[in-house]
Amino acid sequence: MIGEGDSAKVGAPYLEGCKVKADIVSHGRGVKIRIIKMKRRKHHMKRMGHRQWYTEVKITSILAA
């Protein structure tokens, strides 16, 4: 969607000829989440962790057709 008020255009699924300019701010990893798997009555437990990679992006401009 681009525009404001009566001049708003909505794409389905996107608008033709529009572009978005962005800058990459940083790369990194998110907070660690704990994964615990446990089997009942078996005295067995497995612990794992996971950190997802991410890219932080800053939108600088949106260009309409």
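Reply: Let us begin with exposure: buried means under 20% relative accessible area, exposed over 50%, and partly exposed in between (1.4 Å probe, protein chains only). His43 is exposed, because its relative accessible area is 85%. This is a predicted model, in which local features need pLDDT of at least 70 and side-chain atom pairs count only at pLDDT 80 or more, while totals for chains, interfaces and linings use all residues. Residues are numbered from 1 along each chain as its sequence is written, and side-chain values use heavy atoms, with hydrogens and water left out.

Me: Where is His43 found, and what is its phi near?

Reply: Strands (E, at least two residues) are DSSP runs, numbered from the N terminus. His43 is found in the loop between β2 and β3, and its phi is near 55°, a positive value in a residue other than glycine. Arg41 is found in the loop between β2 and β3 and has a positive phi of about 60°, although it is not a glycine. Arg41 counts as exposed because its relative accessible area is 70%.

Me: How many bridges join β2 to strand β3?

Reply: Two strands pair if DSSP finds at least two bridges between them. Here seven bridges join β2 to β3 (residues 44-50), and the two run antiparallel. Ile35 stands opposite Met48 in β3. In strand β2 (residues 33-39), the count of buried residues among its seven residues is zero.

Me: Which residues form the nonpolar patch on the surface?

Reply: Patches are made of residues with over 30% relative accessible area and no salt bridge; like charges are joined within 9 Å, and nonpolar side chains (Val, Leu, Ile, Met, Phe, Trp, Tyr) within 5 Å. A salt bridge is a side-chain nitrogen of Lys or Arg within 4 Å of a carboxyl oxygen of Asp or Glu. Accessible areas come from the Shrake-Rupley method with a 1.4 Å probe; for residues, only the protein chains shown count as cover. Val20, Ile24, Val57, Ile59 and Ile62 form the nonpolar patch, with about 500 Å² of accessible area together. Its largest share, three residues, comes from β4. Ile62, found in strand β4, counts as exposed because its relative accessibility is 56%.

Me: What joins Ala12 and Pro13?

Reply: A cis peptide bond joins Ala12 and Pro13, with omega about 5°. Pro13 lies in the segment before β1.

Definitions and conventions:
Helices (H or I, at least four residues) and strands (E, at least two) are DSSP runs, numbered from the N terminus.
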